[in-house]
Amino acid sequence: MRLIGGEEHKSNEQPENENESNNEQEEFTLGLGLPHQSTRLVVGYALTSKKTKSFLQPKLENLARNKGIVFVAIDQSRPLSDQGPFDVILHKLFGKQWRQILEDYREKYPEVTVLDPPSAIKHVSNRQSMLQDVTNINLCDCHGKVGVPKQLVITEDPLSIPDAVTEAGLVLPLVSKPLIVDGSAKSHLLSLAYDQLSLSKLDPPLVLQEFVNHGGVVFKVYIVGEAIKVVRRFSLPDINKLELLNNAGVFRFPRVSCAAASADDADLDPSVAELPPRPLLEKLSRELRQRLGLQLFNIDMIREHGTRDHFYVIDINYFPGKWNFFLIDILNIPQQL
Ligand SMILES: Nc1ncnc2c1ncn2[C@@H]1O[C@H](COP(=O)(O)OP(=O)(O)O)[C@@H](O)[C@H]1O
Ligand SMILES: [Mg+2]
């Protein structure tokens with residue numbers, strides 16, 4: 001970690017002693033990433049103006065400043081190497097050009113922590129690859145099972161969907177999700193399909209996922225390095241067999257993850273409201289962090305209704321909205337520094 005206090009503010013050059021620098025880097029990435037009071041950590045951020053507004057609220061900036069962390073806006077119209085020096089680059093921008101700029105920068109300045117590497121983010125921006133790692137994790141002895149709803153990717157020809165669904169053995173109703181998540185509102189426009197024929201009205205590329213009844217509650221698990229926070233949100237209600245028989249068509253549903261009210265204080269059936277077991281969440285997030293190569297992300301999990309311990313991961317998001325509230329919690333915990 002580069003120290004500024006007292007020392008001359010040098011440019012972003014390669015450190016003379018690489019081992020020393022790597023150790024310090026490790027200290028940053030393995031812990032919560034918070035510097036000691038006497039040090040200063042410069043976080044360059046490249047975010048859309050909307051994201052900057054929601055993330056970098058005065059409360060967070062003040063708390064961070066007291067801990068020796070300063071946030072500096074990256075000017076996207078200037079070369080990245082001319083800016084800084086940075087200890088950390090925090091970003092959420094999409095596009096090939098930005099990915100390339102960051103990859104080049106990482107190569108040139110390996111001592112700077114880029115949260116997170118562009119290739120790892122790309123992996124979770126495709127709903128096909130996003131959940132692949134979940135299925136490979138062995139969670140035995142963790143008080144529960146975690147899977148992924150059965151799903152099918154359709155890249156073209158909507159007319160082929162009904163047959164493809166039969167062939168894959170997917171059971172209705174199905175949730176249709178745009179294949180690529182690129183930060184646009186469109187990539188979060190989901191639909192619920194009740195009958196096979198209507199599936200041909202959908203607009204590929206998309207992922208079709210079996211709808212899993214889960215008592216109308218989704219668990220949002222926020223992960224920042226080794227720290228985890230889980231909250232409940234209201235979700236789509238269960239769909240019973242009668243409803244399925246009496247309904248046909250494809251129904252758009254609004255962006256549940258944004259609109260959903262907190263269900264943390266709601267008067268819910270305890271078997272639905274009970275949070276996933278801590279050991280399960282810890283192992284799952286540790287494994288996912290390693291396999292995905294990400295430090296800042298969130299997973300959406302549901303519990304199959306009627307079971308105590310059968311969970312599904314339905315979504316993974318890089319650097320999600322609301323994440324700053326969690327960061328404020330972390331910055332407020334003195335013993336973690
Ligand atoms: N397979 C599924 N079974 C039941 N509900 C689902 C399923 N997939 C998504 N949902 C519901 O739709 C919401 C949004 O889905 P999600 O995959 O998180 O997309 P996004 O957050 O990108 O809009 C979830 O929070 C949940 O309420
Ligand atoms: Mg989601």
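The model is predicted, and its chain contains 12 helices and 14 strands. Of the 337 residues in the protein chain, 26% are buried. Among contacts between residues at least 6 apart in sequence, 76% join residues that are at least 24 apart.

**Packing of H3 and H12**

- Helix H3, covering residues 58-66, packs with helix H12, covering residues 323-331, at an angle of about 30°, and the two axes are 10 Å apart.
- Because angles under 35 degrees count as roughly parallel, H3 and H12 are roughly parallel to each other, and their crossing is left-handed.
- On the H3 side the contact is made by Lys59, Leu60, Leu63 and Ala64, which meet Asn324, Leu327, Ile328 and Leu331 of H12; the residues of this contact divide into 6 nonpolar, 1 polar and 1 charged.

**Annotated positions in strand E14**

- An unreviewed UniProt entry carries the annotation "binding site" for Asp315 and Asn317.
- Asp315 lies in strand E14, which spans residues 310-318, and with 22 C-beta neighbours inside 10 Å Asp315 counts as buried.
- Asn317 is likewise found in strand E14, and Asn317 is buried, with 20 other C-beta atoms within 10 Å.
- When neighbours within four places in sequence are left aside, Asn317 is in contact with Phe297 and Asn298.

- Lys283 is found in helix H11, residues 278-292, and is buried, having 20 other C-beta atoms within 10 Å.
- Although Lys283 and Asn138 are 145 residues apart in sequence, their C-alpha atoms are 9.2 Å apart in space; not counting residues up to four places away in sequence, Lys283 touches Leu139 and Cys142.
- Ala273 belongs to helix H10, residues 270-273, and counts as partly exposed, with 16 C-beta neighbours inside 10 Å.
- Ala273 and Ala263 are separated by 10 residues in sequence and by 8.3 Å from C-alpha to C-alpha, while the contacts of Ala273, leaving aside neighbours within four places in sequence, are with Val217, Arg232 and Leu268.

**Cis peptide bonds**

- Leu115 and Asp116 are joined by a cis peptide bond with omega of about -10°, and Asp116 is found in the loop between strand E4 (113-115) and helix H5 (118-124).
- A cis peptide bond also joins Pro204 and Pro205, with omega of about 5°; Pro205 is found in the loop that runs between strand E8 (190-193) and strand E9 (206-210).

- His143 is not a glycine, yet its phi is positive at about 65°; His143 has its place in the loop between helix H6 (132-135) and strand E5 (145-147), where it is partly exposed, with 14 other C-beta atoms within 10 Å.
- Phe319, a residue other than glycine, has a positive phi near 40° and is placed in the loop between E14 and H12.
- With 20 C-beta neighbours inside 10 Å, Phe319 counts as buried, since the threshold for a buried residue is 20 or more other C-beta atoms within that distance.

Terms used
Residues are numbered from 1 along each chain as its sequence is written. Chains are lettered from A and ligands numbered from 1 in the order in which they are written. This is a predicted model: local features need pLDDT of at least 70, side-chain atom pairs count only at pLDDT 80 or more; totals for chains, interfaces and linings use all residues. Axes are lines fitted to C-alpha atoms, for helices over the stretch in contact, and angles run from 0 to 180 degrees between N-to-C directions. Helices (H or I, at least four residues) and strands (E, at least two) are DSSP runs, numbered from the N terminus. Angles under 35 degrees count as roughly parallel, over 145 as roughly antiparallel, 65 to 115 as roughly perpendicular and the rest as oblique. A crossing is left-handed if the near helix is turned anticlockwise from the far one by less than a right angle, and right-handed if clockwise. Two residues are in contact if their C-beta atoms, placed from the backbone, lie within 7 Å. Ala, Val, Leu, Ile, Met, Phe, Trp, Tyr, Cys and Pro count as nonpolar, Asp, Glu, Lys and Arg as charged, and the others, Gly among them, as polar. UniProt positions are given in the numbering used here, feature names are shortened, and annotations may be inferred rather than shown by experiment. A residue is buried if 20 or more other C-beta atoms lie within 10 Å of its own, exposed if 12 or fewer, and partly exposed in between; C-beta atoms are placed from the backbone.
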